[in-house]
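Subject: Structure handover

Hello,

Here is the structure you asked for. Please open it alongside this note.

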Amino acid sequence: MRSLFNWIDRRTEQRLRQVAHSHGRRSLLARLGVALVGGAVLPMLPFDRSGQFMGAQAAEPGKAPGAKAHDDPMQCEYWRYCAFDGYLCTCCGGTLTQCPPGTDASKVSWVGTCLNPKDGRHYLVSYNDCCGKGSCGECLCNNNERERPGYRLGVHNDINWCMANTSSMFHCTTSVIVGVA
Ligand code: ABN
């Protein structure tokens, strides 16, 4: 047993001598300095925490990491689209509230009640189809919060609301706030 301890002592001494030989005191002090300064400065560097409240929502390629989909009218998760069914006009040459050139807003529409996460209030949103051109085909979006079957027509979204327009061709859908619920 004693010879084993002697052997360990010798090996340790040898190793320490090797290390001391190859690393001078100065280099050890320099490394210690870097570790100390780095440890103090790193926590002070700016750190982007904006993505940490995004829940299960996946970050999208090409989007800023903190971009929240419920803030972005080009995303189906945008808060006003809670009862949306159609193509987002924001992806089709129109805006949130305006039909793209060459199309007209439907004369009839359906409504949804959506929670605005920014102020915690519910808003009445009118969804108007834009009519007169063939289907846009971009950004298909279908959310059905508080949506009801066809016998409650005003809160049913799975229908072509261009039916009352001169041209019943459906292109995309806008979302207009019409009041606070
Ligand atoms: N309200 C949008 C829509 C248009 C055509 C068919 C289904 C839904």
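Which residue in β4 is the bridge partner of D104? The partner is C131.

First, the ground rules. This is a predicted model, in which local features need pLDDT of at least 70 and side-chain atom pairs count only at pLDDT 80 or more, while totals for chains, interfaces and linings use all residues. Residues are numbered from 1 along each chain as its sequence is written, and side-chain values use heavy atoms, with hydrogens and water left out.

**Overall layout**

The protein has 2 helices and 6 strands. Helices (H or I, at least four residues) and strands (E, at least two) are DSSP runs, numbered from the N terminus. Along the sequence the pattern reads α-α-β-β-β-β-β-β. Of the 181 residues, 29% count as buried. Buried means under 20% relative accessible area, exposed means over 50%, and partly exposed is in between (1.4 Å probe, protein chains only).

Start with β4, residues 121–131.

β4 pairs with β2, β3 and β6. Two strands pair if DSSP finds at least two bridges between them.

- β2 (residues 104–105) pairs with β4 in the antiparallel sense, over 2 bridges.
- β3 (residues 110–116) runs antiparallel to β4, and 7 bridges join them. G112 has V125 as its bridge partner in β4. N116 stands opposite R121.
- β6 (residues 170–180) is also antiparallel to β4, with 9 bridges. Here Y127 is bridged to S175 in β6.

β3 and β4 make a hairpin, with 4 residues between them. G120 sits in the turn and has a positive phi of about 70°.

Now look along β3. W110, G112, C114 and N116 point to one face and are buried.

**The nonpolar core**

Which residues touch the most other members of the largest nonpolar core? They are Y81, Y127 and C172, in a core of 26 residues. β3, β4 and β6 each supply at least two residues of this core. The largest share, 5 residues, comes from β4. A nonpolar core here is a set of buried Ala, Val, Leu, Ile, Met, Phe, Trp, Tyr and Cys residues joined through side-chain atoms within 4.5 Å. In soluble globular proteins, nonpolar side chains tend to be buried together.

**The ligand**

The ligand is surrounded by D85, W110, D129, N157, D158, I159, N160, W161 and F170 (each with a heavy atom within 4 Å). This shell divides into 4 nonpolar, 2 polar and 3 charged residues.

Where do backbone atoms come in? A backbone N or O atom of I159 lies 2.7 Å from a nitrogen atom of the ligand. A polar backbone atom of N157 is 3.2 Å from a ligand nitrogen atom. For D85, a backbone N or O atom lies 3.5 Å from a nitrogen atom of the ligand. The protein covers 79% of the 250 Å² of accessible area that the ligand has on its own (Shrake-Rupley method, 1.4 Å probe).

- Q75 is in the loop between α2 (25–41) and β1 (85–87). Q75 counts as buried because its relative accessibility is 12%. Q75 and C141 are 66 residues apart in sequence, yet 8.5 Å apart in space, C-alpha to C-alpha.
- C139 is in the loop between β4 and β5 (140–142). C139 is not a glycine, but has a positive phi of about 55°. At 29% relative accessibility, C139 counts as partly exposed.
- C162 is in the loop between β5 and β6. C162 is buried, with a relative accessible area of 0%. C162 and G132 are 30 residues apart in sequence and 8.3 Å apart in space, C-alpha to C-alpha.

Best wishes

Key. Polar contact = N/O pair within 3.5 Å; in protein donor to acceptor, adjacent residues only side chain to side chain. Nonpolar A, V, L, I, M, F, W, Y, C, P; charged D, E, K, R; others polar.
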